[in-house]
Amino acid sequence: MSNTFSVKGNYVNIKTKAIHEAQVFIEDGKIAFVEIYGGENKALPYILPGFIDSHVHIESSMLAPSEFARLAVVHGTVATVSDPHEIANVCGMKGVEFMIENGRGVKFKFNFGAPSCVPATVFETAGASLDSDDVEQLLQKPEIKYLSEMMNFPGVLMGDDEVIKKIAAAKKLNKPVDGHAPGLRGEDAKKYIEAGISTDHECFTKEEALDKLQYGMKIIIREGSAARNFEALIDLLNDYPNDIMFCSDDKHPDSLAEGHINKLCERAVAKGIDVFNVLLAACVNPVEHYKLDIGLLNKGDAADFVVVKDLTSFDVLQTYINGELAAENGITKLPSIPVKPINNFSIDVISESDVKIETGSFTLIDGKIPVIEALNGQLITNKILVEPTIVNNEPAGNVENDILKIVVVNRYGKAPVAKAFIKNIGLKQGAIASSVAHDSHNIVAVGCDDKSLTKAINLIIEAKGGVSCVDDAGNEKIVALPVAGLMSMDDGYTVAADYTEIDKMAKALGSGLSAPFMTLSFMALLVIPHIKLSDKGLFNGDTFSFF
């Protein structure tokens, strides 16, 4: 028996830049036909293709794919281009297979990539490794649509054999290759793109994006929970409407509960960007670039579409995927399914002595020590030199000057704790810690004293993953993440509420960062300049060396 129904409203034809009062007829999950009645009727809602997040690490939402989908459909998102790089660095091939299998449990269009950089670098300890044979095996799966972000741009430029084999495997199967090359300009950018890299979501200036656009690269404008490049790049959309997409990259659960790609559409239109160009970036360009099986409201397409109140607020009234109602009036219709945990966590609790810094541990530069300077809303950091504070003959933090101790604990086996100092986290007491620590997801923590640091870290070790916060009064919170130390087993709205509370606690301790835990999670990300801390030590991203 066929399943036939219709939806009436303003039918938005993005390619022809036309809006008509119409009725869209759906039969057996596909667009049967569209009956046009006349011009735009502003009293009616608007029918659009569904929104697509063009680059996202689902794991950063702290939700399993099925729970991510339940929250995302409420905001009109019907699909993602998802890089399972995070769980692959923890659990390898089994981690990627977990994401695919869990995602199958809901009516949502996940389009996973084959992680290209596992481990991301040789300068940190990861839980797994994927070589070119593994990557080719993944690329042969129908669920794998592309080669995920090629972060090893030095390897591309130098012709590294394993890197070139991975790119060649994607080309052989006619699957796109995503890029990751922050700050790369000029001839190096040209060479990187000519190797077959088709996109970049890491541009943080308009000039950098223009440099890459001129060589044929597509730019994905990122607005996540930590890295936010929308304001710097959005003006490019009117000039390059076919070469721009939107993404979140890393989005925490509280932020996902509030909005998704629909919010970028609202902001773009408010800034005067042509609405049809906005919808190209949000709905059409990802489908065409990645060759996705997602409908665009044409006859015979899969009935993947949204009904929105208007083309200014983009408030979502209904979301349909394959002709099935996935969300309506802010309520998800997708079921919550059981999550089977997978993990890789092999350490015991630590002691305060493990996080102490010995005198002489740092290379002095003109009598000063290198310090990581975190930047709100950015993944890049600055390298600054600071005169060390000595307490009891040991280098120590200086809370008054916002210089705090940062440590990274190897979660895959017993090893010395890496230690350094960081500025701009802003804590006045206590500590925060996270096993979400890009890219190898060891435990990263920042604190005002060794007791608090140790306590925050041990909360995570005991839970086999999570984000934690402790204060001087003995109060503590943890959001447990037992799935690879990255994701919760709880429903998405519970995780969002719990995360909101721990985020508030971190800010109450003094952090002025918009997303303290998200920023913390990137302080071990060595592939983003200029200075980071891995489990192996303080890393100088400008020279690819340790201090």
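Is glutamate 143 buried, partly exposed or exposed? Glutamate 143 counts as partly exposed, at 24% relative accessibility. Here buried means under 20% relative accessible area, exposed means over 50%, and partly exposed lies in between (1.4 Å probe, protein chains only).

This is a predicted model: local features need pLDDT of at least 70, side-chain atom pairs count only at pLDDT 80 or more, and totals for chains, interfaces and linings use all residues. Residues are numbered from 1 along each chain as its sequence is written, and side-chain values use heavy atoms, with hydrogens and water left out.

**Salt bridges**

A salt bridge is a side-chain nitrogen of Lys or Arg within 4 Å of a carboxyl oxygen of Asp or Glu. By this rule the model has 25 salt bridges. Among them are these pairs:

| Pair | N to O distance |
|---|---|
| Arginine 104 and glutamate 143 | 2.5 Å |
| Lysine 172 and glutamate 136 | 2.5 Å |
| Glutamate 194 and lysine 190 | 2.7 Å |

Take arginine 104 and glutamate 143, which form a salt bridge. Arginine 104 lies in the loop between helix 3 (93-103) and strand 7 (109-114), and glutamate 143 in the loop between helix 4 (132-139) and strand 8 (144-150), so the pair ties together parts that are 39 residues apart in sequence. Helices (H or I, at least four residues) and strands (E, at least two) are DSSP runs, numbered from the N terminus.

Lysine 172 meets glutamate 136 in a salt bridge. Lysine 172 belongs to helix 6 (residues 161-172) and glutamate 136 to helix 4, so this pair ties together parts that are 36 residues apart in sequence. Lysine 172 is exposed, at 59% relative accessible area.

Glutamate 194 and lysine 190 sit four residues apart in helix 7 (residues 186-194), separated by about one helical turn. Glutamate 194 is exposed, at 54%. Lysine 190 is partly exposed, at 28%.

Salt bridges also link Glu223, Glu231, Arg267 and Lys271 in a network.

**The largest pocket**

On a 1 Å grid over the protein atoms alone, a pocket is an open set of points where a 1.4 Å probe fits, with protein on both sides within 12 Å along at least five of seven lines; lining residues have an atom within 4 Å of a point. The volume of the largest pocket is about 620 Å³, taken as the space filled by probe spheres set on the points, which are joined across faces, edges and corners.

Its lining holds 30 residues. Ala120, Thr121, Asn152, Pro154 and Val527 lie nearest the centre. Helix 5 (153-158) and helix 6 are the elements that give two or more residues to this lining. Helix 5 gives the most, with four.
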